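Subject: Structure handover and findings

Hello,

Here is the structure for your files. Please open it alongside this note.

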Amino acid sequence: MSRSKQIIGVAAFLFGVFVLVPLMIKLTGRWDFYYTLTSVALLSIASAGVWLTFYIGRINIGQGAYALVGGYVSAILVVKYGVSFWLTIPLAGLICGCLSILIGLPILRLKGVYFAMVTLVLTEVAKLTALALPITNGAKGISSIPLPGAISIFGLTIIPDFSQLASTKLAFYYLAVTLMVLSYAGLYRLVHSRIGHLCRSLQQNEELASSIGVNISYLRVIAYSVSSFLGGIAGAVFAAISQSIYPSSFQVADSINFMLNCFLGGLGYVFGPMLGTLVLYFGWDLLFTTGKFQLLIYSSLLIALMLALPNGILSLRLFNRKKAEP
Amino acid sequence: MKRRNLLKSMMLAATASTVIGFSSLSALAANETLKIGFVGVTSGPAAAWGISNVRSMQARAEWINEIGGVKIGAKTYNVDIVTFDDQKDPKRAIAGMEKMAQEGIHYVVGPNVDDGAAAVRPVAEQNGIMYFPYAFPKSLYKAPASNAVLGMVANYQSGPAIYKYLKDTKGVKKVAFVAANESDPLSQRDGGVAAAKALGLEVVSGNITYQVDTTDFTPVITPIIRLQPDLLVLSGVAPANAPQLIRSARELGYQGLISTETAQDATVLKEGAGELANGFISVGGASTPEIASDAMKEFVTRYTKMFGEYNDESNTKVYALEYILETLKANPAAMSDVKAFQKTMDTFEAPNPYMKGDAKLKYVGMTSFGQKRQVAVPLVVNVYKDGKFDTLFVAAVD
Amino acid sequence: MEQIIANGLYLGSQYALIALGLTLIFALMNVLNFAHGQMYVLGGFVTYTVYAQLGLPFIVGLLASATTLAVVGALIEKFLFRPVIRKSHREESTMLLAAGIAFFLDAVILLVFGEKQRGVPKIVNGVLNWDFRIIMPYDRILICVLTIFFIAAFIGYMQYSKTGRAMRALAQDKVAAQLMGVNVARYSMIGFALGAMLAGLVGGLLVSITGVNLGMGGPTSIKAFMMVMIGGAGVISGAIAGGLILGMLESVGLSVLSQYGDITYLLIFVSLIIFLAIRPQGLMGKPWG
Amino acid sequence: MSPLLQVSAVTKRFGGLTAVNAVTFDVAEGEILSVIGPNGAGKSTLFKLISSFLRTTSGQVLFKGERISDLAPHKVAQKGIVRTFQETTIFKNMTVRDNIIVSHHLRSNASLAGYFLGTAAAKSDEAEFGRSADEILGFLGLDEIGGELASNLPQGHLRALGIAIGLATNPSVLLLDEPFAGMNHDETMRTVDLVRGVRQRGITVLLVEHDMPAVMKISDRIVVLNFGEKIAEGTPQQIQNNEKVIEAYLGSEDDAIGI
């Protein structure tokens, strides 16, 4: 793919999410899509993290834990310590990243289903910890979190105070989409740099990788902490949107969904988790008119999709030409 | 950029499907349609909670439509229930509320749990939606929160009433609590412990918990039984767990009383615990044979006919819809203006069709929340006996 | 103390039987069957329908559960897992399929059997009370005995029948088994059916004690995963050991830690993570990957 | 001058079984040394002990006088002792060229962050690795198939790719794990030339092998193991005439010395 084509693609995508989508929503009057797309953007950030752990050959069903921690970190900092929400986004990510180093060092030695199961248990541990700790306010959760405030530099307001906005929908949409674009740009860069190459060497054969001098445990921990960082920031923004966080805000079902997003989009494609999230989340939303048959139809479609495209939606020829294996 | 195309086509599809859905419904009747929303859980482990809501709303709506609709102001409306399954996920609940706003709905029943109810608050307040959650956190109903109306009796209201009754009539002195290790039950347990202490009861155990997926409650119950409480409170117990807990306690030889502040299902108790459940005290479905009016009886008949099986909880859950419609009748301006609705709430009073005598529908909650943000449903305390509930006493909130 | 051990044994035996089915499927096909819990629930509802609704004997209910699930399992393997495994690049992809099947079964169970908790009449009445040292209802004892019998029968089948031996060979080394002339497709299907059947059987057994409801599926799967991990994935003895250990852990943990209330399970989970970090292949498993 | 690599009384026990028992020998810089022995003699275990893929029970391996046993495998590789695997161990879903490029890891100057940001050091690294990979492809005669997916290669090429991966790390000592296994005569001869070529690049070669004729042809010195113990050491001539060796090989059923 030529460089100019790539640039056009990226520009078109940015134009699409930043201009076209809001325009379409204005034209069609489907205001509810803002939240749906905001969710998709945030969930796809967390899924991108899971995808990265897939990329080093680990099945991660524990992203919900980090999203929950991220949400709590942001909520606690904002509510109890009066820290600006904007600062809590990177802080939530960083704290999750550091936490994941501590947790990752021992558990990343596990492979296959063992790693998957430990991470699954991790989600449960996060929930139970949130229920037990005083700082998280236990079962009562943290609610009535104030909306993000304004940011201004030299008196110039860059980001307005959210509580002054008539509707926060658009603001949160832009926030989520911006974070998504940044995350995926970072992920794309990572995967297409030599680091991605090294990650793939881990995915394919850890023994061989270590024989050529790759510090596999270091690289694994790095990848895992980047993954958890992404989970943390997604959680932080969700806490701000719902202005509340509970131990059950992210649960095992979320962790599993993050993983499914990656499978559905395609494990071999950087943008797989984004597409996977869009289809899975939007799919459920669109089916809401089918009432009590919603879950039946949803799961049947999921199975059918899996039968037709077991390697993810992006493995379709149509997409393949554009995004060959990175 | 395939993704954008996909997005576009999906949006188109979505718009199309809603348009189709809308037109097919409005084609049915000459009346205008009044849409009332439901956002709650109708699939997965907690499906029972939301399904009893949805079914009572649907049964009532069909009944209303059958007799020609509901007259609000100058117009007559058919009631259409729009449901959204949030899968007990607060993030989805927000999406559901957004959907309701999109459909132009201003009155929504649900969500069923604390985290969902808290999460939808910003959306509801921004979009002018009054919602009727079945969640107990007081912050939802106290100012500055304005748009939530508690759809039932909270445990911190029923608990003290039950404990006081048992203290006075059965001489209960020592109480033990057991709760599932989840937000809602734990909060309810904490409320219960506080209420029991306030009444001067001795709380012998207040921190034993279990996982909701427990299949054997014997180890959970054993340490509590050793403390020999007079009353064992199953805080916020799910209908699925109640019979097993009762069975374990009784089989271990526990002789004291067992109670809960949540509604239970007689059939479930009968199937799960049989005669061991006799004497189990729970908060009932806002109706008893003594107080049920003919309307309530007809509602039960229609519900049973429509869905094959009745759920006692639906006695309570039919009220939210009734309150919405009656308040709208009282002030037609509230159809699209929740501020008007809120104003009407302070003075609203209408006859309660589901109770014999001259009971009233009115909003309550001043004591608990400092503003009227709760529907007044009769607080019926039941005791289970051989497959059905007998009324222990009936009380009112506020 | 006796009570704690008796409880642990009762819990452990039922857990072990659940874990056996899961581990069998894993060993044969490297599939982590997310739908195992849903199969268990389906088994429970079938027994409920046959025994409580139709009024037939309990044992007929059990048989019905076992056959229904065996058929469901075989169909799922043949028409869903097999084509996906054949076509996908990474074998983990089956997780999405398994999760989809779990959702699907959830939806079907909700539509067919409803959302309510269901229970059946007690199969035996009365409670064994040994001097207040062990209190155990007779129906639990019966179920425990039945469970242990089924475990023994399963082990016997795997050890001594031709099919069982073929499946063990397949689990040990797929390529070698293939070379020895084991029909992989056929035995994968039998194995999946057998695993599903075990899930259905436990569901049927336990409906007489705990009842059944639609929500039990997911958590049961997760518990079964934990047992399998403790014992070692894909190893029959490991599944039994894992089940018994988790049963004991719950029984002992809940008794010893009861005064700490909310953190009992937190401790169980954290110690599980630490245990696996130290012993990645579980108690009896072979290192994976 | 002290030897490059010293294996000193290295012992490995698995439970009650002693797989390698107090084996001692030296490897001089620039030589080709082979470790041979009948099946189950402990060759593979010794190989893993030297590359530190297994921990020793006792004894140690020294590289330039420095202890390397029990270090993490990647640390041993960093010091310049790099092992190859038998044919199936490659990065299957990468192209042949990418396999080699990624194996230049030890030659990196830039940090991970540098690679992410695309610093000058990272760019020059990547350019350098590309050049070097092409050179290695040429050296092994793999130019034609640089773009092939590694999983599609035939066996013979896989073996060469394994060596290429080893070469990319720029090792002082290359440990080859049965490089001639399963090859016919022609292929073996080609590989013998290849290994000599590796030595000519200034790399010391230690190989573990079954195939006697090839070993006799290629080795400067040979170490013979039997039942985990060293039974002989010397030049190919000395080994060929060593009675213990002949006995050991005659005693085992499937291997015969010579042709």
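Below are the findings, chain by chain, then residue by residue.

**Ground rules**

This is a predicted model, in which local features need pLDDT of at least 70, side-chain atom pairs count only at pLDDT 80 or more, and totals for chains, interfaces and linings use all residues. Residues are numbered from 1 along each chain as its sequence is written, chains are lettered from A and ligands numbered from 1 in the order in which they are written, and side-chain values use heavy atoms, with hydrogens and water left out.

**Chain B**

Chain B carries 14 helices and 16 strands. Helices (H or I, at least four residues) and strands (E, at least two) are DSSP runs, numbered from the N terminus. Its radius of gyration is 22 Å, close to the 21 Å that the globule rule gives for 398 residues, so chain B is as compact as a globular protein of that length. That radius is taken over C-alpha atoms, and the rule is 2.2 Å times the number of residues to the power 0.38.

The C-alpha trace of chain B spans about 65 × 60 × 40 Å along its principal axes. Of its 398 residues, 65% count as buried. Buried means under 20% relative accessible area, exposed over 50%, and partly exposed in between (1.4 Å probe, protein chains only). Chain B exposes about 13400 Å², and carbon and sulfur atoms supply 54% of that. These areas come from the Shrake-Rupley method with a 1.4 Å probe; for residues, only the protein chains shown count as cover.

Chain B has 41 positive and 40 negative side chains, with the centres of the two sets 4 Å apart. Lys and Arg count as positive and Asp and Glu as negative; His and the chain ends are not counted. Each charge is placed at NZ of Lys, CZ of Arg, CG of Asp or CD of Glu.

Twelve residues from domain 1 of chain B and nine residues from domain 2 of chain B make the contact. Contact means heavy atoms within 4.5 Å.

**Prolines in chain B**

- B:Gly110 and B:Pro111 are joined by a cis peptide bond, omega about -5°. B:Pro111 sits in the loop between strand S4 (107–109) and helix H4 (114–119) of chain B.
- The bond from B:Ala143 to B:Pro144 is also cis, with omega near 10°. B:Pro144 lies in the loop between S5 and H6 of chain B.
- B:Pro137 lies in the loop between strand S5 (130–132) and helix H6 (155–170) of chain B. B:Pro137 is buried, at 16% relative accessible area. Leaving aside neighbours within four places in sequence, B:Pro137 contacts A:Tyr246, B:Asp114 and B:Tyr156. B:Pro137 and B:Tyr156 are 19 residues apart in sequence and 10 Å apart in space, C-alpha to C-alpha.

**Chain C**

Chain C has eleven helices and two strands. Their order along the sequence is α-α-α-α-β-β-α-α-α-α-α-α-α. The radius of gyration is 19 Å, which agrees with the value near 19 Å for a compact globule of 289 residues. Buried residues make up 62% of the chain C total. Its accessible surface comes to about 10600 Å², and 70% belongs to carbon and sulfur atoms. The mean positions of its 18 positive and 11 negative charges are 12 Å apart.

**Chain D**

Chain D has ten helices and ten strands. Its radius of gyration is 19 Å, close to the 18 Å that the globule rule gives for 259 residues, so chain D is as compact as a globular protein of that length. In chain D, 53% of the 259 residues count as buried. The accessible surface is about 11200 Å², with 48% from carbon and sulfur atoms.

- D:Ala9 has a positive phi of about 50° although it is not a glycine. D:Ala9 lies in strand S1 (residues 5–14) of chain D and is partly exposed, at 34% relative accessible area.
- D:Lys64 has a positive phi of about 50° and is not a glycine either. D:Lys64 is in the loop between strand S4 (58–63) and strand S5 (66–67) of chain D. At 57% relative accessibility, D:Lys64 counts as exposed.

**Between chains**

Chain C and chain D do not touch; their nearest C-alpha atoms are 10 Å apart. No contact joins chain B and chain D, and their closest C-alpha atoms lie 26 Å apart.

Best regards
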